[in-house]
Amino acid sequence: MKADVLKVEIPKESDYQNFISNIDFVDAYQIRLKDPRMPIETIYQHLFSTMPSWIITLLKLRNKIVGVFGLKTEVSKGHKERLTIGKKAGAFEIYSITKTEIIAGEDDKHLNFHVSVLKQEKDLIVTTFVHYHNLFGKLYMTLITPFHKLIVKSVMKNI
């Protein structure tokens with residue numbers, strides 16, 4: 001039986017405010033961890049390296065489309081290597097690693113995207129924060145938000 005992914009408030013324990021301000025879009029989802037002893041690094045790597053094929057196909061399509069408009073599309077191959085602050089792991093640069101939270105993201109000319117992966121006792125909360133730099137950033141998020149929600153829920157169910 002798969003656990004339910006629940007929409008929740010931004011967790012007060014998150015250190016996100018040290019990495020992004022002027023938030024224009026935010027959402028947070030929570031799920032019960034199957035193994036609460038799993039280290040936060042393992043959780044993060046699993047979230048971003050075990051995507052179903054339909055998500056990979058959508059991301060490839062997204063990269064082809066948005067590359068024309070100047071959004072970043074490069075992805076490092078380092079999902080399974082040691083996470084290091086200031087280095088990319090997959091699509092995102094790692095900004096912060098603590099025992100309970102990893103904050104990562106990507107700053108682009110159209111928007112800044114940050115994600116918090118926060119472990120609380122037996123639960124995992126994934127929070128997305130976005131700041132738009134211009135109308136294109138807002139339009140982009142408006143178009144991808146339905147897909148974003150599906151993807152976040154899907155990868156969280158795999159944890």
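Okay, one term before anything else: a residue counts as buried when its relative accessible area is under 20%, and as exposed when that value is over 50%, with partly exposed in between. Keep that in mind, and let's look at this predicted model.

Let's start with helix H1, which covers residues 40–49. Which residues of H1 are buried? They are Ile-40, Ile-43, Tyr-44, Gln-45, Leu-47 and Phe-48. Here's a handy rule for looking at that list: an α-helix has 3.6 residues a turn, so residues three or four places apart point the same way. And what do the buried residues of H1 pack against? Quite a list: strands E3, E4, E5, E6 and E7, plus helix H3, which spans residues 135–157.

Now let's zoom out. The protein has three helices and seven strands. If you read along the sequence, the pattern goes β-β-α-α-β-β-β-β-β-α. Of the 159 residues, 43% are buried. And if you take the contacts between residues at least 6 apart in sequence, 60% of them join residues at least 24 apart. The accessible surface comes to about 9100 Å², and carbon and sulfur atoms account for 58% of that.

Next up, salt bridges. How many does the structure hold? Three.

One of them pairs Asp-123 with Arg-32, at 2.8 Å from N to O. Asp-123 sits in strand E7 and Arg-32 in strand E2, so this pair ties together parts that are 91 residues apart in sequence. Are the two partners buried or exposed? Asp-123 counts as buried, because its relative accessibility is 13%. Arg-32 has a relative accessible area of 48%, so that residue is partly exposed.

Another salt bridge joins Glu-106 and Lys-88, with N and O 2.9 Å apart. This pair also links distant parts of the chain: Glu-106 is in strand E5, Lys-88 is in strand E3, and they are 18 residues apart. Glu-106 is at 13% relative accessibility, so we call it buried, while Lys-88, at 28%, is partly exposed.

Then there's Asp-35 with Arg-37, where the closest N and O atoms are 3.1 Å apart. Asp-35 is partly exposed at 26%, and Arg-37 is exposed at 73%.

While we're on strand E5, have a look at Asp-107, which lies in that strand too. Its relative accessible area is 35%, so Asp-107 is partly exposed. How far from His-133 is it? In sequence, Asp-107 and His-133 are 26 residues apart, and in space their C-alpha atoms are 9.9 Å apart.

Let's move to strand E4, residues 92–97, and pick out Ser-96. Why do we call Ser-96 buried? Because its relative accessible area is 11%. And which residues does Ser-96 touch, if you leave aside its neighbours within four places in sequence? Phe-19, Ile-85, Glu-101, Ile-102 and Ile-103.

Last stop, the surface. Ile-10, Ile-23 and Val-26 form a nonpolar patch there, and together they have about 180 Å² of accessible area. Val-26 belongs to strand E2, residues 25–32. At 33% relative accessibility, Val-26 counts as partly exposed.

Terms used. Residues numbered from 1 in each chain as written. Predicted model: local features only at pLDDT ≥ 70, side-chain atom pairs only at ≥ 80, totals over all residues. Heavy atoms only, no water. Patch = residues over 30% accessible without salt bridge, like charges linked within 9 Å, V, L, I, M, F, W, Y side chains within 5 Å. Areas by Shrake-Rupley, 256 points an atom, 1.4 Å probe, with all protein chains shown as cover. Salt bridge = Lys/Arg side-chain N within 4 Å of Asp/Glu carboxyl O. Helix = DSSP H or I, 4+ residues; strand = E, 2+ residues; numbered from the N terminus. Buried < 20%, exposed > 50% of the residue type's maximum accessible area, 1.4 Å probe, protein only. Contact = heavy atoms within 4.5 Å.
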